[in-house]
Amino acid sequence: KNIVILISGGGSNMAAIVKTAQQEQWERAYGVRIAAVVSNKADAKGLVFAREHGIATAVLDHKTFESREAFDAALAQAIDQYQPALVVLAGFMRILTPGFVEHYAGRLINIHPSLLPAFTGLHTHQRAIDAGCKFAGVTVHQVTAELDVGPILDQAVVPVLPDDTAQTLAARVLTQEHIIYPRAVRNLVRAL
Ligand code: GRF
C-alpha cells in the first residue's frame with residue numbers, strides 16, 4: 001500500500017514521517033511505503049530531502065493552471081498514479097476544492113498548527129499570543145471540504161510563555177508536530 005505526501009515548503013513534517021517509516025520499517029511491518037512526495041512549489045526544500053531518500057517527487061505549479069479546479073484535477077491525476085491508500089498533507093499551503101477532497105474522502109489527512117477548533121486559517125501562533133492563550137498546540141485531522149475542520153485524529157499541547165513570539169511558539173509547536181504526525185500516520189497505516 002502506498003502513501004503520498006503533499007508539501008509546499010521545508011517539508012519537515014514529511015521528513016519526520018519518512019524517517020519514522022524507515023526506522024520502524026513500515027514496508028516490512030505493514031507493507032506500506034511512502035511512494036511519492038508531491039509539491040505545488042518547484043523550490044520546496046522538502047523535495048531535496050525526498051529525492052535524497054529515493055522517494056519519487058512531482059511538482060505541479062498551481063500558477064500554470066487556469067483554475068483551482070484544473071489544478072486540483074491535475075494534482076489528483078498525478079497522485080493517483082501511485083494509487084495511494086493515504087494522502088498526507090504536510091505543510092501543503094493550498095486550499096483544496098470539494099471535488100478533490102471528495103475524491104480522497106476518508107484517506108486524506110492534514111496537520112494544522114493550532115488546537116482546533118480554535119484558530120483555523122493562517123497566523124495561528126500570533127493569534128494565540130494576541131488572544132492571551134496560556135496553551136497552544138497542533139492538531140492532526142481528517143480533511144473535509146471546510147478548511148481546517150474535520151474529525152480530529154490527534155493533538156498535542158504546548159505552553160505559551162510570557163515572552164513568546166510567533167517564532168518561538170512555532171518552534172515549540174513544530175517539535176510536537178514531528179512527534180504526533182508520524183504517530184498518527186502509523187496508527188492509520190496499521191489499520192489499512
Ligand atoms: C508547520 O507549521 C505545519 O504545522 C504547517 O506548515 C508548517 C511547515 O510545515 N502545516 P513543514 O515544515 O513544511 O512540514
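This is a predicted model: local features need pLDDT of at least 70, side-chain atom pairs count only at pLDDT 80 or more; totals for chains, interfaces and linings use all residues.
Residues are numbered from 1 along each chain as its sequence is written, and side-chain values use heavy atoms, with hydrogens and water left out.

**Ligand site**

The shell around the ligand, taken as residues with a heavy atom within 4 Å of the ligand, consists of Gly10, Gly11, Ser12, Asn13, Gly91, Ile111, Pro113, Leu174 and Glu177. Three of these residues are nonpolar, five polar and one charged, where Pro, Leu and Ile are among those counted as nonpolar, Asp, Glu, Lys and Arg count as charged, and Gly is among the polar ones.

| Residue | Protein atom | Ligand atom | Distance |
|---|---|---|---|
| Gly11 | backbone N or O | oxygen | 2.9 Å |
| Ser12 | side-chain N or O | oxygen | 2.5 Å |
| Ile111 | polar backbone atom | nitrogen | 3.3 Å |

On its own the ligand has 360 Å² of accessible area, of which the protein covers 79%, as computed by the Shrake-Rupley method with a 1.4 Å probe. Two or more residues of the shell come from each of α1 (12-23) and α7 (166-191), helices being DSSP runs of H or I with at least four residues and strands being E runs of at least two, numbered from the N terminus.

**Domain and backbone**

An unreviewed UniProt entry annotates residues 1-185 as "domain: Formyl transferase N-terminal", and such annotations may be inferred rather than shown by experiment. Over residues 1-185 the chain is 38% helix and 24% strand, with the end C-alpha atoms 13 Å apart.

The peptide bond from Leu116 to Pro117 is cis, with omega near 10 degrees, and Pro117 is placed in the loop between β5 (108-112) and α6 (124-130). Gln25, although not a glycine, has a positive phi of about 50 degrees, and Gln25 belongs to the loop between α1 and α2 (26-30).

How values were computed: A polar contact is a pair of N or O atoms within 3.5 Å; within protein, one must be able to donate a hydrogen and the other to accept it, and residues adjacent in sequence count only if both atoms are side-chain atoms.
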